Amino acid sequence: MPDKKEQFNAANARRLVLVADDELINRELLGNMLEDTYDVLFAENGAEAIAAIREHRDALSIVLLDLIMPEMSGMDILRAMRGDAELQSIPVIVCTSDNSAEVECLLLGAIDFISKPYDQPEVILARIRRTIELCEDRQIIRDTEKDSLTGLYTREYFYRYAEQFDQLNREVPTDAVYLDVNHFHILNERYGRAYGDEVLRRLGENLTEATLNGAGIVCRRQADTFMIYCPHREDHSPLLELASRGLSGDDSGTASRVRLRMGIYPMTDRSIDIERRFDRAKMAADTIRNNYSQAIAIYDNTLHQTELYSEQLLEEFPEAIAQRQFKVYYQPKFDIRSEIPSLSSAEALVRWQHPTMGLISPGVFIPLFESNSLIQQLDLYVWREAASQVRHWREKFGISVPVSVNVSRIDMYDPGLIDTFRGILEDYSISPSELLLEITESAYTQNSAQIIETVNELRSLGFRIEMDDFGTGYSSLSMISSLPIDALKLDMRFIRNAFSQRRDIRMLELIIDIAEYLGVPTIAEGVETEDQLEALRDMGCDIVQGYYFSKPVPPEEYEHFMAEEKVRRDEPAPAPSLPKRTRDKYVSYANIAHALSSGFENIYYVDTLTDHFVEFSPRGKPDDLQIERGGGDFFDVIRRSVVSSLHPEDRERVTACLEKRALLSQLLGDSSFSITYRVMENGAPVYYNLKAVRAGGQDDHHMVVGISNVDDLTRQAISYQEARARSTEFFNIAQALSGEFESIYYVNTKTGDYTEFTANGTYDKLQIEKTGTGFFEECVKNIQTVVYADDRSLVSAALTKEALSAFGETRTIDYRLMIDGSPVYYRMKIMNTVSGDREHVVIGVCNIASQMSRELELAEARELAFKDALTGIKNTRSYVQSEQQLNGEIERGDCRPFSVVVCDINDLKGVNDTKGHKAGDRYIKDACALICRIFAHSPVFRVGGDEFTVILSGRDYEHREKLMEELRTVCAENRKTGAVTVAGGISDYIPGKDSCVADVFGRADSDMYANKAAVKRG
């Protein structure tokens, strides 16, 4: 790389010029004029000239061409260059005394003429220099105005041409149209980037065709989004149909896998800049994201008012943070495991106390900040406020009550999150146990290793993690059991629906049982009535919050809860109390459950001092005992109910054993006694067993007696074995599939016989839906009626007899079913049975719409996490990720050549101070557009308020000196007009010297500051 003082610039660069003339005197005259400024090549005839042009086509800046030469004339050379795409852009000045040839030469591509003899050297040099500059500028425009993949305009040129259209057609009403490929990242991930690129190319071709003959101009905005500026039309559906044509790879007119959505800002207001017009079109398109029934949305007055309101909130956010307009409220959580609920913690909830608009609901500003990457700043504000309050209350009341704070999904992608929480603990002198972290269930259900790793790191620091909004994220039970959590928090809407419709109470019980199995407490939010509280307590819920106890309140109001908790802790602790459900069970049959296993027809709980007894019998589940009767003489009852019906051969033996003294003596030496006997029923002997046990514990005057039908148990065991032998299908299905499928088919691939099972209640409980003999015929018929048209061939091919008979690895197919007129994603899993049976396969079908939705949410979260909110380019996190990747390549020794460019916006502070922050934001956007335009083939990152970094590789790396000179040239021109300017520095990666990207960045940063200082010196 040249020294800074010798870096390439337009003033001292030496271009290459070819002089083609058969006259020596003419070559010498031109050579003498040019040699001080240019590198000169000479050709004595046409053949040498065309050979030199082809050899030096990438370096030649201009050709000075004589028309009359041996072997090949100047006209023939012009024709040859015009017919060669690689040569036609090289400028040619014809040198001749024949003025009659001027028109023909211009038609063949010549740029200018120089008349012989060469008697005005300064004029000749000026015309050559000007021609070179114009052609180089034109080439730069060619290279930068079109997107390399689609051939459409790039965004910046598109905006310029749209403004030009407005100037020339002031009376023509126009529409701004925004076009987006739905879930394009899923296409790339599932079918490969080459497929995605082909979709974009075809879409570019369709849009080019749609805007021919003055029907509009179109550009590729970025990635999978496009913009169209066109004369107003009432119906844009034909445009959408044309854009969608052939995206499936055929000419069917339908788009398999590919769906477009369109937002339209009609009759655009030309008083606002062109970029804002398309922002409105995008806003309309965003309203139908994930809407399968609508593909076109119009920007209207409702959206306009929403936009104005949202824009005001976004503009005022920095001031609101600085002025502490955001107020943190606290809603107490109470432990209800004792008779008297006790304060266990509180949740920190943010409110915006706006100076003119009053209290703004978090339901309004939280989603807005999440979509504009401001939520992290707000979260950090709340975390610090809560930490400060925890310490204040601890010092004031002498007790510590934890506060839980929300951690957004985007926070979880922050590489500095762990350090942030460490800093909060240090700054406010609190322990991790005093700050609980609530992470929404949907963040976990992305199944992201990064999120789980981050959660594990937080837990290793001592933080307790509450899974928030449980019941809304569609977690599978197998996944829940492996997640790092310390509490399950039931979503408020889940609680309200359960109690309002009275149909999800059992589901609540099931979730609480799951939490108990996991060994974590259950927290229910949104509890509003005493009935709800008591019901949740009976179910075994541990902690509740809601309006029954308190709405979210300011910190000064919350302090009365702290004061009450202080008094409670200072009082002697009362004896612990069991929840009502557990307490009732204990009174009824705690000792019985301890003493006996299931399987008894009758159970007696006997007081051996008084002979008083209570008889129980099971109803439903074995442990669901009901009181049948009670009495004062158990041994009399047992003689009448058992001894009287005994088989004659067993009567004497059993009667002796069941005498009170004999039975109690048996229990003195052991804790249990058992005897088997026969009872005559309908003239036949039936075997029974009687088992007696001591009640256990400190109770020395109670026993439990159970009577079971041995014949029934034996028959059940035999029936179980026979049923298991008969039901091989269930055995295979249970091993072949997990519990996530809605329907399961067990198919004989030779005969076509099949059994269909459907999930009923809990996942692991299958019931037979139907059996049949024509599986393959049924498939052919049903596929045509229920499968989405573009997926029918895929599903048909998978469900043929030949395909199912080809045993191999498990196959998974994603396809769409038409449900209520809309396509819904399903997944089919085809497995061989596990018993070696090569005639059968198991096919499971499950709905994956929610999974697809979660993938989209994850992608959107990732996109927001790695995108700068103001400029739309990559942010600091993205740069850190790229830096880590390059550092890995450097460490492995396989790093490609690259350079780092550091750019800093000049005088941003002055713009902010004199024109306001809105003008400053525009200034930043303009600087970003300038940098992105120059380094069009490299990733640009905004790494600070006014600082950008570019990592050059490939084509930009090869032309890095030229690009840096272009940057400085453009900025020099902008300084004259008052437009945005940036200081720039560059440094190359030096193998063997640089151990990491930071080494390269440091040199580029120093070079940038040197450039900034040089500009200030003038």
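Lysine 660 is partly exposed, because its relative accessibility is 27% (buried means under 20% relative accessible area, exposed over 50%, partly exposed in between, with a 1.4 Å probe and protein chains only). The model is predicted: local features need pLDDT of at least 70, side-chain atom pairs count only at pLDDT 80 or more, and totals for chains, interfaces and linings use all residues. Residues are numbered from 1 along each chain as its sequence is written, and side-chain values use heavy atoms, without hydrogens and water.

Lysine 660 meets aspartate 611 in a salt bridge of 2.8 Å, N to O (a side-chain nitrogen of Lys or Arg within 4 Å of a carboxyl oxygen of Asp or Glu). Aspartate 611 lies in the loop between strand S20 (602-607) and strand S21 (613-618), and lysine 660 in helix H26 (residues 660-669), so the pair ties together parts 49 residues apart in sequence. Helices (H or I, at least four residues) and strands (E, at least two) are DSSP runs, numbered from the N terminus. Aspartate 611 is buried, at 15% relative accessibility.

The whole structure holds 57 salt bridges. One of them joins arginine 337 to aspartate 335, with the closest N and O atoms 2.7 Å apart. Arginine 337 is partly exposed at 38% relative accessibility, whereas aspartate 335 is buried at 14%.

In helix H37 (residues 960-977), lysine 976 and glutamate 973 lie three residues apart, about one turn of the helix. Their salt bridge has its closest N and O atoms 3.6 Å apart. Lysine 976 is exposed at 65% relative accessibility; glutamate 973 is partly exposed at 45%.
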